[in-house]
Amino acid sequence: MNELSRRSFLRNGLVAAGVGFGPRFFLRPAAAESASVRSLVVLFQRGAVDGLNMVVPYDEQRYYDLRPTIAIPQPGQQNGALDLDGRFGLHPAMSPLMPAFDAGELAFVHACGSHDPTRSHFDGQDFMEKGTPGSKNGKDGWLNRHLQSAGPSESIYRGVALSTRMPLILAGEADALAVGNLSQLSLGTGEVGQLIRDTIEGMYGDRDDLPGAVVRDSLEAVAIAGNLDPAQYVPRNGAVYPDTPAGNQLVQIAQVIRADVGMEVAFTDLNGWDTHSQEVGALGVLLAELAEATAAFRTDLGEDLADVCLVTLSEFGRTAAENGSGGTDHGHGTAMFALGGTVDGGRIYGDWPGLDAADLYQGRDLPVTTDYRTFLSEVIAGHLGNANISEIFPDFDFGAEPTLGIIRA
Amino acid sequence: MRRVVALVLLVTAVILVPEWHLATAHGAEIRGRRSREAGRRSGARPTAVLRTVSRNCDPASAPDRISPSVDPATIHLLNRAAFGPTPHLVWEVECLGRDAWVDQQLFPNLITDPQLTQRLSIYPTLVMTTAQLIENYPQPMPGEEVDRTKTPAQVLAELRSSVVLRAVHSRKQLEEVLVDFWFNHFNVFAGDGPARWATTSYLRDVIRPNVFGHFEDLVLATAESPSMLYYLDNYLNVRAGSRGRNSGLNENYARELLELHTVGVDGGYDQDDIIEVAKAFTGWTIRDPRANDSGFVYNQFFHDDSADSVMGHEIATSGVQQGREIIAFLSAHPATADFIATKLVSRLVADDPPAHLVRRVREVFTQTHGDLRAVVEIILKSEEFYDPVHRLAKVKSPLEIVASSMRAIDAEVQLGLGAARLVGILGQPLLLASPPTGWEEDADAVTSVGGMLTRFEAAFRIATNDIPGVFVDFDRWSFIDAGSLGADRILVDVLQDRAGADTRRAMRRAEREGASSALLGAMALGCPEFQLQ
């Protein structure tokens, strides 16, 4: 630090120290008698995860024919899949999630996705987040429409995105906040902090533009929560979150859940699933990170998992056959999972179409036999108790779709 | 009538008429690809008629503060075509005239900037070839004790440092803005594998020399760059069976070439087109740069020559020419003109780009065969560009807020890494966007609760000299700490007359309550008007 950086922020010797943006303990005491709020955590695997290597149809010879160098071996072999139900096996890097599956808290939906034919990541992600496949109209996401139709809430924390930008999935009329890291939710302490907050409020308080609205939300978030500082957070039950993007994001979501600030939905995303080459190594690392972080999240929440459901999404799957460089190209159907106390787990859901040439979508990809909105609608209605599916997914006839039954009645 | 373009180098004003102005002035006379290539062979510099005129632009008369009565149009131009105003630059533009300054900026090779060269000289990697970088900054063996300044991480750190340093201090401001734009358009991720050595050359030799060139050349340069070949896997894209039993096509580059680089996602192609394009680019691969200057090599053995049409265009060539033919076809496609015009106008004018201007830019793009200098000129001299509704109507990106903050308070960036890291903390780590879209820059993408709070923190860190390698001189505001009125003065220095009544009132109140000049400076950088451009 040089001389100038120690300069006081206030004149006349009022305060000698710097501004102190540092960590603060969570200020608001947890509401002792609040009704338990059920919550949904959505984790988006951006880049199109290879569902066939995540949840492996090891019972099918065609799978091994299509993927001579990247297939996951059958259970019992070296680096083999972990058997789930006698037909499907989990990628071995996801072994930390096997206890959740065995406990009936984790379920997979295979051949799941969007019926829209796009193989563009960016269109695919937008469509999936908006919940309106094929439509480029509209600017709000289905997660936000859920909040709109779930009834009013006073909490600025009802929708939280662990993201430096507001993701499309949570964009819309309902209050939500996007924050890359909870440690950002601070504006300094003491007299200087108060002066800063007052000044910012004065500068932004009456603006009707986007920065004005966002800063007002920021001040509210700071006022209610103080600083939710991940460095101060102690996971329960011996949970250890890996120091990875997935671990760092899920530990913060667990912290918001435990802070009891009215969080109803949370969103986070992981990059890197676009495994066009050398997939064996790359996918293993990513799936291990995802599984370790998710398993730590489950351990940490403990009994609170009864009120929490975590689901994964990805814009589409990958080609059934491996490509010419030990990877897979953009495909169609993939696999998704749900973890939580209300999940009727320990099972693989969805109609399995098979991998024969005639069964593949456009002759190359795993088809979609379960619309991802069916999966989500069951979670929204069954877990969150919001039956307004037609408002959340406007072009989707939930009642006409076959049901999965993935949430316990 | 010939249009004249003024180029002023300090006291001497030089007027030049570039070759392409002559062509576009005669509306019907549209130069074709052939004449453009002939022109290129005769040398890369524009044909120019030079004459000197005297102007009262004595640098000694440059003030050290921006006058509050400066024309708001000048500030607007410098917010968009530069990384924000500085007192000297405002003086230069007011003296030259805005259009003449733009003309000067359109020919960066004619602008000398020895001070920047001096500043960048502390980063030796910036001028090295990829081969030299691999040689001098090798990957350490696991467990090996190494000098950290001799690793690939150092190469990337120097490159990232140079990006901020240039944005803050370069005289070729428009070039820096466009390098940022085009790197992002042809995004690569600089942080893994060979990219850590190759991105220096990608930015310097592939992107920078082409930002005022022809679009097709830019696409071709990226297609042949080891950076892009690696990032989008085309180095692995080969004829089925040619590299072993399971080898074959890789569609990654082909898809993004169409979707992100040229015609856009709605450009009218389908999966069959992707496969045809992928076939055409088989054999475009990487050789060890130490064995080959550029690192690019076309290997006929791996090439699949069976592609016969793309988006209705019959492929007439074979071998390596197929990829080039497709790039030429895509670059001339109307959907590309539309896609690029829309994206450039969004960047330089408004998130919701005015349709009239997009249409004109698209026409110029088409008529000039993708002359990016002509396209940028049309935008920056248009009525729409200067329409007051667009003033302070775009939210600054992380790089823009950091660079413009430092320019506004005359910060001296001696080492760029601290500032580069600050850009990352604000959400868009320089050269490290992992998806091929690059960083999004519309208001929704750069405005979030966490993001705005982080901007405030960044403003305080900048104003308290808490960014390593960056130095802010508070002497000019020291009178404020002595008790005289200062909030208004600081707002004038940072924002001229653009601060609204609420900001003024809040700042004056903070001053009454004892805020120091540093705190007031931070508040000025954190105020709503400064987040906008």
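Which residues in helix 10 of chain B are buried? They are B:Ala195, B:Arg196, B:Trp197, B:Ala198, B:Thr199, B:Thr200, B:Ser201, B:Tyr202, B:Leu203, B:Val206 and B:Ile207. A residue is buried if 20 or more other C-beta atoms lie within 10 Å of its own, exposed if 12 or fewer, and partly exposed in between, with C-beta atoms placed from the backbone. This is a predicted model, in which local features need pLDDT of at least 70, side-chain atom pairs count only at pLDDT 80 or more, and totals for chains, interfaces and linings use all residues. Residues are numbered from 1 along each chain as its sequence is written, while chains are lettered from A and ligands numbered from 1 in the order in which they are written.

**The two chains**

- Chain A has 11 helices and 12 strands. Helices (H or I, at least four residues) and strands (E, at least two) are DSSP runs, numbered from the N terminus.
- Of the 409 residues of chain A, 56% are buried.
- In chain A, 74% of the contacts with a separation of 6 or more link residues 24 or more positions apart. Two residues are in contact if their C-beta atoms, placed from the backbone, lie within 7 Å.
- Chain B has 28 helices and nine strands.
- Chain B has 533 residues, and 54% of them are buried.
- For chain B, 71% of the contacts between residues at least 6 apart in sequence join residues at least 24 apart.

- Helix 10 covers residues 195–207. Of its 13 residues, 11 are buried.
- The end C-alpha atoms of helix 10 are only 15 Å apart, short of the 18 Å that a straight helix would reach at 1.5 Å a residue. The expected span is 1.5 Å times one less than the number of residues.
- Helix 10 has a kink of about 35°, centred on B:Ser201. The bend at a residue is the angle between axes fitted to the seven residues ending there and the seven starting there.
- The buried residues of helix 10 pack against helix 7 (130–136), helix 8 (152–169), helix 9 (173–185), helix 11 (215–223) and helix 12 (226–231) of chain B.
- Helix 11 of chain B is largely enclosed by the rest of the structure, because seven of its nine residues are buried. These are B:Phe215, B:Glu216, B:Leu218, B:Val219, B:Ala221, B:Thr222 and B:Ala223.

**Where the chains meet**

- 56 residues of chain A are in contact with 58 residues of chain B.
- On the chain A side, helix 4 (121–130), strand 7, helix 6 and helix 7 (210–225) each supply at least two residues. Helix 7 of chain A gives the most, with eight residues.
- The chain A side divides into 23 nonpolar, 23 polar and 10 charged residues. Ala, Val, Leu, Ile, Met, Phe, Trp, Tyr, Cys and Pro count as nonpolar, Asp, Glu, Lys and Arg as charged, and the others, Gly among them, as polar.
- A:Gln184 lies in the loop between strand 7 (177–178) and helix 6 (190–204) of chain A. A:Gln184 is buried because 26 other C-beta atoms lie within 10 Å.
- Leaving aside neighbours within four places in sequence, A:Gln184 is in contact with A:Val179, B:Gly450, B:Leu453 and B:Thr454.
- A:Gln184 and A:Ser218 are 34 residues apart in sequence and 9.8 Å apart in space, C-alpha to C-alpha.

**Domains of chain A**

- The domain assignment gives domain 1 (37–184 + 240–400) and domain 2 (186–226). Domain bounds come from an automatic or database domain assignment.
- The C-alpha centres of domain 1 and domain 2 of chain A lie 35 Å apart.
- Five residues of domain 1 are in contact with six residues of domain 2. The domain 1 side divides into four nonpolar, one polar and no charged.

**Nonpolar core**

- The largest nonpolar core has 271 residues. Such a core is a set of buried Ala, Val, Leu, Ile, Met, Phe, Trp, Tyr and Cys residues joined through C-beta atoms within 7 Å.
- A:Val42, B:Val164, B:Val361, B:Ile379 and B:Ala524 touch the most other members.
- Helix 9 (residues 279–301) of chain A gives the largest share of this core, 10 residues.

**Positive phi**

- Most residues other than glycine have a negative phi.
- A:Asp260 has a positive phi, near 60°. A:Asp260 counts as partly exposed because it has 18 C-beta neighbours inside 10 Å.
- B:Gln496 has a positive phi, near 50°. B:Gln496 counts as buried, with 22 C-beta neighbours inside 10 Å.
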